[in-house]
Structures are given as C-alpha cells and as structure tokens.
Amino acid sequence: MKTPSNITMPFFAYGIFKPGQLCYPRINKLVEDFEKGTVGGFLKERDGIPLLVKSSCSYEITGFLINFNKGKEEDAYNRIIEIEPDEVYKWGEVKVDDRVSANALLGKREQRGSSDMEGVLEWDGKNDPLFKHGLEEVEEVLRSNQKFDWDCKSLFRLQMAYMLLWSAIERFAGLKYHLGKKATDKVYQIANEDCFADSLKKHVKEDRTVYGSVDLEKYSLDPNDPKKSMQYYYQVRSNSVHRGKAGIRDFDIVKNSLEELLAIFKDILSNAWKY
C-alpha cells in the first residue's frame, strides 16, 4: 500500500489509529495536534476492524483530525501503511466537519465478508465482544471446571475456553501489529511488550514443559523468557486442537496455562488503552 497522493493533508482517524486506541502509539511522537471531528458516511466491520464507507445516505462518524509535525508527514503515513494491507483499505479524501479536507482509510471491497455496524457512530476497540464478553465466558468456564473428571468433560470445557482466549489474543495481535495473515507471527510480537514480560513474572511461579503433538519438539515455560513462554502457551493451544482427549496431566497443563494466560492478557488489555 502506498502513501496518499497528498501527504501534506491531515489524517482523519476513526479506528485503530485514534488517540487512545491500539495503534496510536505508532504515530504519537509524530503528531503535532489533534481534535475531534466528524465525516459523513457509515461504518462496516470486518474481523473486528471498522471500515468507513462514504455515502450520500450517511451518518456523522466521529473520529480525530490529526495533524503531523511539519516534515514528518511521510514518516507518519509510512507508519500507518505498515499495518494496513491493500486487501482491507484504500486511501480516500474526506471532509471533516464540512470544512477541512483530510486523508482517510476507506473500506476496500467493503461488501465482502463485512457487516453493518448499525447505530455505531464512534468505534472503540475496547468494546470488542471478544475482549469483554468473550473473556467473561472464559472466566466462568474456568471457575466451573477446577477438578478433573474421568469422562474428560472438564478438560474439554477448559480446552474450549483456552481456544476462545486465543481467539481474543489473536484479535488483539491483528489489530495492534498487522491486519494481514500470518497469525502466529503477530501473536509472537506480544512477547516483545514490556507489559507481557512483567505480567509473566507476576503470574507464573514455575517452569513447565510440553512436547508438540506432531513434531515432538520441546517447548518450555520460563517466567524469565517471554519469547519461549509465548511459544509454550501457543503449543498448548496446538496440542488441544490435535490431541483431543487425554488424562489428568493434560488437564493440569491446560488449567494452569488458562489461569496464567488469562491473567496476563487482562493485564495487557488494561495497559493497551492507557495512551
């Protein structure tokens, strides 16, 4: 994806690049100022991200008009397009408050695989159902399945909850790091966050190992090694998919991993919207 043709124009952010959203830290040091404003159009959603569609039958969509520091515009727009693949967005010009022309990321092929965000005039990533109701469901399943039963139903429920947790984690990683494919590459970037490292030490009190169900490779959980620990948690996810029914040892692995990773991810979410 190329930069817009006129990089001297300000940027209208209505989604993940708004101040207070996950990707604003990518550009905040290049921002001179910003103010709230509206543009005519409506919002659609695809895979948790908003798509602005210009239309004659439109609503007033709220976002931020962002002015970049003089001489830093190209750098700022390059940082934006680093995360925005061509399949999702295209550059377009909008009129903010019917007075200021600005560049905006408009939905591309917005009719494919997307749904209308009826009644939503201001998008907020914190309200993603996976981050709210999804994690509430994970907590409920965890509370209700603390003991192993020999028909393995408690294990199956924890495995389902673990997969739901990973759906939320992958959604977060996709929004924060890249909107394209390669889910595991995006997820592993979380291990580079200071918050992940700090929370890992806070919630993990022991070293553990698992072996891949396909390649039999060893994966280690180490509270002092964020990268290896993220790979460990992801391998537990993979084993849950491939291995299915197992005994009490796998129950303990899934339960402990679910308790730890849920607490860590809640810390990450709490920290993510502080900017």
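Helix axes are taken here as lines fitted to C-alpha atoms over the stretch in contact, with angles running from 0 to 180 degrees between N-to-C directions. The structure is a predicted model, in which local features need pLDDT of at least 70, side-chain atom pairs count only at pLDDT 80 or more, and totals for chains, interfaces and linings use all residues. Residues are numbered from 1 along each chain as its sequence is written, and side-chain values use heavy atoms, with hydrogens and water left out.

The protein chain has seven helices and nine strands (DSSP runs numbered from the N terminus: H or I of at least four residues for helices, E of at least two for strands). Its C-alpha trace spans about 65 × 35 × 30 Å along the principal axes.

The axes of helix H2 (residues 130–144) and helix H7 (residues 248–272) come within 11 Å and cross at roughly 150°. H2 and H7 are therefore roughly antiparallel to each other, a label applied to angles over 145 degrees. Contact denotes heavy atoms within 4.5 Å. On the H2 side, Phe-131, Leu-135, Val-138, Glu-139 and Leu-142 take part, meeting H7 residues that include Leu-258, Leu-262, Phe-265 and Leu-269. By class, this contact of H2 with H7 comprises eight nonpolar, no polar and four charged residues (nonpolar: Ala, Val, Leu, Ile, Met, Phe, Trp, Tyr, Cys and Pro; charged: Asp, Glu, Lys and Arg; polar: the others, Gly among them).

Beyond its neighbours within four places in sequence, Tyr-233 is in contact with residues including Tyr-162, Trp-166, Arg-208, Glu-260 and Ile-264. Of the contacts in the protein chain with a separation of 6 or more, 70% are between residues 24 or more positions apart.

Conventions. Parallel < 35°, antiparallel > 145°, perpendicular 65-115°, else oblique.
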